[in-house]
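Keep the 3D view open while you read.

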Amino acid sequence: MRTQLTLLIALLGWLGCFQTTLSAADADEEQKLISVLQSTAGPAEKDAACARLKFIGTSRCVPALAALLTDEQLSHSARYALEPMRSDEAGEALRGGLARTKGLIRVGVINSLGARADTRAVPALIELLGDSDAGGASAAARALGQIGGPEAVKALRTCSRSSATTLHDAAVDGLLRCANRFLASGQPSDALAIFEQLDSTGEKDWVQVAAFGGRVRASGAAGLSLVLHALSEGAGPSQIAALQLVRDLPGPEATRELANLLPNLRTTVQIALVDGLAQRGDPAVLPALVALANTALPAVQVPIIHALGELGDGSAVPPLAGFAASGSSEMKAAARQSLTDLHHGNITQTLINLLSDGNAQVQAELARALAARGDNAAVPRLLDLAQNGPDAVRKSALQALSVLVDDSQLGALVDFVLQAKNPTGRADAVEALNSAYQHITSQRGHANPTPLVLGLEKGSAESRVALLPICGGLVDPKIRAALRAALRSDDPQVRSAAVRALSETTDPECLEDLVNLAGSTQEDSVRSLAINGGVRLVTQEEAVKLAPAQRVAALKSLLTSASGPEQKRKVLAGLGEVPDVEALGIVEASLNDDGIRNEAARAAIKIAAALPATQTQACEAALKKALVAATDKGTRQAVQAALKEIQTNSDYLMNWEVAGPYQQGDKDFAALFDVVF
């Protein structure tokens, strides 16, 4: 214990020495800054000195700062340092500055005195209320408002009653400041007297709004009656102020009284009051909002719907579902959003319970809401509705399930397809199943293919035809195998559906299947589908990563299989997207085909523009041949422009190489040149 006491005494002594050292350092710095202010230094240097003195200055620096108050360039800097100083000397310097300054400089001094709430400046400021300088008089009025006190209030009241517009406004502003100071300091009766004086039709609207708000705050429990009365009156500043106060009125009683007032108000006031009640966050207003929602004009119903979404619990679900099912387009959108936003109580269970009741349109909206909310707990009930509910509800239930099901529930959606009793029901089920697969894939990267594959194996021909299009959007070995099996089906409709699905595939492993199909089929329509699918897979699917040689090989095979100009044009368009010299060679050979000369020329332009400068000779040769082969005027002009650009770049490169042998840095530049050109 003695040791600890000894250490504590030593620490305190050290801190005292440290503080003394700091004080001495500040004193030295302060004296240097004072010397700057008293020297012939420029304004910038003196301004910096004032800025530093604001933080370390003492009464020692006040005379030097006071001397600058009359300086047009440095008065603000001096006030910046003096204003926060709590010493009497600083206040005396600023008060003394009133007599030594005029115009804007004096306005600045007045503002500083107001900011300091300098009560000793009140007599001088009162005297300035009668000054011929309107700017100074107005500044004095505002400063008196910041300082406050009975003497200031009395002077400002007199000034507000007898002065012209500008000074009157400043005096009123000062009175409002005084009243708010009284209110903040626990003197509501003094504040109320001022607010009641200013809440007069003779004052401007902004004054009446501020004064009424002050009256309410200063009146305690009686303030609610003032607000209710103002809301019930005609339009005016008091009503505007009352609406502004709705959100912050204390107590549940305020919510009830305001809610009771709702049915008797004008439409515009109802809208504003509903918004204020929603901001209060008090669910006690819900019954009144629900009741009003059924009788109010549409302009009021939409804000009520938004308020129900913010405040509502399960009791808000039925009216919101009703609005979503049968309201105007604006009301439907608002109600659907509110059903999604509800968060008080067990909303999910309420939605599920109500699915069994009401008309089909309401049930459909409930299902939509469950999907939008991502409420997976609703899946079992939605599955039941999708199987046994009326048609309108069945479709909505399926749409909700497409968002909510996981891998383990995909089989149920497949069964809906297999068990559908009519084409419409089957199409709805397929749409939901496809959306579910896409949703799960986008969320997790992969969806379970087994339910779909099993459906393709055991389903009827109609079901298989319906299910096969889903395969086009999935990448999986099992799906790939199912597609290939369907292509070998004895049923022509199944084969046709398999071809269409294959032509829409995003699976790069199916490229060979498309190429083989295009080369082996005897049906021109099937060949067109295969070619279109192959070209798309090679050039348009970002997820498909193939080397240029693979792309060119596939497109070359497809071009060989093409049986007419349209199919060839499709392949040429694909070749134009592959910046490869072999692709350019294939396109160049196609320039001899009369039916596709112009398309081949345009493809050559695209490839040549993308090839590096090292392939200039091949590009130039192909473009020259294209210029001869093209028959379309626009195509010929495009070839000429491309050829000119190639030749210009080639000449530049030749001139650069002729300049002499280059070192490593030049080789690097040559490589960069290839990339650019």
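Predicted model: local features only at pLDDT ≥ 70, side-chain atom pairs only at ≥ 80, totals over all residues.

The buried residues of helix 31 pack against helix 29 (477-487), helix 30 (492-503), helix 32 (524-539) and helix 33. Helix 31 itself covers residues 511-520, and its buried residues are L511, D513, L514, V515, L517 and A518. Here "buried" means under 20% relative accessible area, "exposed" means over 50%, and "partly exposed" is in between, using a 1.4 Å probe and protein chains only. The helices are DSSP runs (H or I, at least four residues), numbered from the N terminus.

Residues are numbered from 1 along each chain as its sequence is written, and side-chain values use heavy atoms, with hydrogens and water left out.

Now for two helix pairs. The axes of helix 33 (residues 548-561) and helix 35 (residues 581-590) come within 10 Å and cross at roughly 15 degrees. That makes helix 33 roughly parallel to helix 35, and their crossing is left-handed. On the helix 33 side, V552, K556 and L559 make the contact, and they meet E582, A583, I586 and S590 of helix 35. Sorted by type, the residues of this contact are four nonpolar, one polar and two charged.

Helix 12 (residues 205-218) and helix 14 (residues 237-245) pack at about 50 degrees, with axes 8 Å apart. They are therefore oblique to each other, and this crossing is right-handed. Among the residues in contact are V209 and F212 of helix 12 and I240 and L245 of helix 14. This contact divides into eight nonpolar, four polar and one charged.

A few terms need cut-offs. Axes are lines fitted to C-alpha atoms over the stretch in contact, with angles from 0 to 180 degrees between N-to-C directions. Angles under 35 degrees count as roughly parallel, over 145 as roughly antiparallel, 65 to 115 as roughly perpendicular, and the rest as oblique. A contact means heavy atoms within 4.5 Å.

Next, some single residues. F195 sits in helix 11 (residues 188-198). F195 and A210 are 15 residues apart in sequence, yet 8.3 Å apart in space, C-alpha to C-alpha. Beyond neighbours within four places in sequence, F195 touches residues including L176, L183, A210 and R215. T255 belongs to helix 15 (residues 252-261), and beyond neighbours within four places its contacts are L277, R280, D282, A284 and V285. A117 lies in the loop between helix 6 (103-116) and helix 7 (122-128), and its phi is near 50 degrees, a positive value in a residue other than glycine.

Here is how accessible some residues are:

| Residue | Relative accessible area | Class |
|---|---|---|
| C61 | 0% | buried |
| F195 | 1% | buried |
| T255 | 1% | buried |
| C510 | 2% | buried |
| A117 | 27% | partly exposed |

How many disulfides does a search of the whole structure find? The search finds zero, where a disulfide is a pair of cysteine sulfur atoms within 2.5 Å. The sulfur of C61 is 8.8 Å from the closest cysteine sulfur, in C50, too far for a bond. For C510, the closest cysteine sulfur is in C471, 9.7 Å away, and that is too far for a bond as well.

Conventions:
Left-handed = near helix turned anticlockwise from the far one by under 90°. Nonpolar A, V, L, I, M, F, W, Y, C, P; charged D, E, K, R; others polar.
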